[in-house]
Amino acid sequence: MADTAATANPDSVAENEDGYRRRDFINIAAVSAAGVGGAAVLLPLISQMAPSKDVLAESTTEVDVSAIEPGQAIKAVFRKQPLFVRRLTPQEIAAADAVDPSSLRDPQTLEERTKEGHTDMLVTMGVCTHLGCVPLGAAEGEVRGEFGGYFCPCHGSHYDTAARIRKGPAPSNLLVPEYEFTSDTTILVG
Amino acid sequence: MSFPWAKQYTPANGLTKFLDEKLPLPRLVYNAVGAGYPVPRNLSYFWNFGVLAGFFLVLQIVTGVILAMHYAANAQVAFATTEHIMRDVNWGWMMRYAHANGASFFFIVVYIHIFRGLFYSSYKAPREMIWLLGVVIFLLMMATAFMGYVLPWGQMSFWGAKVITGLFGAIPLVGEPIQIWLLGGFAPDNAALNRFFSLHFLLPFVIAGVVILHIWALHIPGSSNPTGVEVKSESDTLPFHPYYTAKDGFGLGVALLFFFALVFFLPNALGHPDNYIQANPLSTPAHIVPEWYFWPFYAILRAFTMDFILPAKLWGVLGMFSAILCWFFLPWLDKSPVRSGHYRPLFRKFFWFGLIPTMAVLFWCGGAPAEEPYVMLSQIATAYYFLHFLVILPIVSQIEKPEPLPYSITEAVLGSDKKAVLGENTEPAV
C-alpha cells in the first residue's frame, strides 16, 4: 500500500539507472530500525523471566560431611532440590567396582563419580533422572532397591551403590553436581 | 460503515484468501487502521493522541503482566517484593519504572486527547457515543491507577488507600459500613491489598474492551477534523495507511523520547519519596497527595469546607465525582451547530481564558498543602469549573455568532474545492 502511494507520487517514482527509488531506501531504513529496536525490546522482556539475583545467590551450598558414618547418607538442599551425600562402606565400594562399566546403561566407574582421595564420598542429586521424583535410600530405614543404592518408588528405578541406574525406566545415573572439597570435612556444591 | 470510496480489501495470496473466508481478521485490520479507513486529510498532531493512548495501554498491560510475575500481593511481603523487582529481577527496575511512568504518560496523552475533544467539540452529534465511552474509559483509568498505586505498599500507598476509601465514609448512614466492606477490614490490610491487586489486573482488560467499543463507535461516522466540517467527497480524505500510520509513527517516536528520558534519567520525578518507606498504619506522612494526574479532582474534593445541609466532606465527594460525571452531559449542554473552536470566537475565549487557567489552578492547588491561599483559589476555580460546563457553555452556544465555515475540508486545505475536482495541485488519487 505504501508502494501505491509512492508510485502515484511523481517525485518519488523517479527511478535511477539501477531501478531503485529513493523511497526504497527510507522504507528499508525505517523497517530495519524498527526491527532492531523491536528485537532490543524483546531482550528485557525475555530476560526478566530468568532466575533473579537472589535465586542465583543461593546457587552454591556448603555441606559439612564430617558426621556421616560409613553406610550413612544425608540429604541436603542444593538449588531448592535434594542433594544426597553418602559415605560408602568398603563392601559397597567393592560392589560398585565389581561391575563391568560397559555392561551399564550409563557407563561410569565409581572413580569417575567421586573426587580423588574421597572415593568413599558419593555426592549426587536426589532427583531421579526419569521424571524427577526423589529416590529412597538416603534416610535411615528406607528401601535401597535391588542393588543397595537408591530406589525410586514412582516408576521403580533401581540405582546401585555408585548411584548408577541398573534397572527401571530412568535413562541415566543420578547426576553428580559440580562440587569440591574445601576441607577434609566440607564440600562446596555449585 | 465507511465512505463509499474507501479502498476495498483484496486478499493477496492463498493464506489471506483462506483467512478472509474463515476469519476475516486481516480485512478487519485493513478497514480499521489500514488503507480501507478513509480519514480527513487535514488532521493536526492533536489527532495523534488516541493512538498514543492505545500504545500506552498496551505498554501498561505488557509491563504490568511482567511485574505481576514477580510481585506478591501480601501485606507482609508486598513492599519487599517490590524492592526485589527493583534489585534482583533481571531488568525489573526498568519494568517497574516503565510501568510507573507509563501510567503518568497514559494520563498525559489522555488529558491532551480529552482537551482536543473539548476544543473541537468532538463530542457533538454524530459522535456522542464515542465521547460517552471515552468518559467511561477515563473513569476506569482512574480506578485502575489508584489501585495500582496501593500495590507497592509504601506509605503513600497505604494512606492513599485509606483516604480514598474514606471518601465513601462520607455517605450518610451507610458510609462507614461501605468503607469497611470495600477494605475488608477497618484499615487497609491484606484483604484490601489482595482485592486491589485482583481488580488492578482485571480492569486494564475491561479498558481494552471499552477501547474497542470506542474505536468501533468512531468508525461509524469516521474521524472528526480541525475544521469540524464533515467529509463531503473523496478529496477530503486520505487512507489511514500509509498517511496516518506514518504520522502516528512519528508522533509515537517523539512521545517515546520524552517517555524514556523520564524512565532512564528521572524515574522518580513524578513519584513521592514517602512511598519508598514501607506502609506504617501508626504513622501518617506529613503531606499526603495523590499522584499528579488526580490533582485537579483532589483540589475540587478539598474545596468544599462548609457544612451546608450535608456535611462538607460529602459535598467534596459529590463535587469531585460530578466534575467528571458532568462530561457525560456535554453533548447536550453545548448546542452550537459549529464544532471546531477555530470558528467560535466567544467559545474560544472562554476555553483559553476560562477553562484552561481554571484547570491549571486546580492542578496546582491539588498538589499543594490544604492551607490558604490554596483553599480559596480551589474554591474559586471549582466554582468556575462547574459554571463553565453547566452555564457558560449552553449560553455561549445560544448567543454566539460563529465565523464562516469553509465549504469543505479540501477548500480549507487548498483554498478552493474546484482544484480538487479538476485534479490540479492535489494529492494523488489513491
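Reader: Great. How much space lies in the second largest pocket?
Author: About 770 Å³ of space lies in the second largest pocket. Its lining has 30 residues, and B:Met142, B:Ala143, B:Phe146, B:Ile164 and B:Phe168 are the closest to the centre. Before we go on, this is a predicted model in which local features need pLDDT of at least 70 and side-chain atom pairs count only at pLDDT 80 or more, while totals for chains, interfaces and linings use all residues. Residues are numbered from 1 along each chain as its sequence is written, chains are lettered from A and ligands numbered from 1 in the order in which they are written, and side-chain values use heavy atoms, with hydrogens and water left out.

Reader: Good to know. What counts as a pocket, and what as a cavity?
Author: The search runs on a 1 Å grid over the protein atoms alone: a cavity is a set of points where a 1.4 Å probe fits but cannot get out, and a pocket is an open set with protein on both sides within 12 Å along at least five of seven lines. Lining residues have an atom within 4 Å of a point. Grid points are joined across faces, edges and corners, and a volume is the space filled by probe spheres set on the points.

Reader: Thanks. Which helices supply at least two residues of that pocket's lining?
Author: In chain B, these are α6 (128-150), α7 (155-168), α8 (175-183), α9 (190-219), α11 (295-303) and α12 (312-325). Helices here are DSSP runs (H or I, at least four residues), as are strands (E, at least two), numbered from the N terminus.

Reader: How do the lining residues divide by class?
Author: The pocket lining has 26 nonpolar, 2 polar and 2 charged residues. Ala, Val, Leu, Ile, Met, Phe, Trp, Tyr, Cys and Pro count as nonpolar, Asp, Glu, Lys and Arg as charged, and the others, Gly among them, as polar.

Reader: And cavities, how many of 30 Å³ or more are there?
Author: There are 6 of them. The largest cavity holds about 870 Å³ of space. Of its 41 lining residues, B:His99, B:Ala100, B:Gly148, B:Tyr149 and B:His200 are the closest to the centre.

Reader: Where does the largest share of that lining come from?
Author: From α5(B), with 9 residues. In chain B, α3, α4 (78-87), α5 (92-119), α6 and α9 each supply at least two. By class, this lining has 26 nonpolar, 13 polar and 2 charged residues.

Reader: What about the second largest cavity, which residues line it?
Author: B:Tyr111, B:Ile114, B:Phe115, B:Leu118, B:Trp327, B:Leu355, B:Met359, B:Tyr385 and B:Phe389. The space there is about 50 Å³. The lining has 9 nonpolar, no polar and no charged residues. α5(B) again gives the largest share, here 4 residues.

Reader: Switching topic: how many salt bridges over all chains?
Author: The structure holds 17 (a side-chain nitrogen of Lys or Arg within 4 Å of a carboxyl oxygen of Asp or Glu). In one of them, the side chains of B:Asp334 and B:Lys124 meet at 3.2 Å, N to O. This pair links distant parts of the chain, 210 residues apart: B:Asp334 is in the loop between α13 (330-333) and α14 of chain B, and B:Lys124 in the loop between α5 and α6.

Reader: Is B:Asp334 buried or exposed?
Author: B:Asp334 is buried, with a relative accessible area of 2%, and B:Lys124 also counts as buried, at 6%. Buried means under 20%, exposed over 50% and partly exposed in between (1.4 Å probe, protein chains only).

Reader: Which residues are linked with them in a network?
Author: B:Lys124, B:Asp334, B:Arg344 and B:Glu400 are linked in a network of salt bridges.
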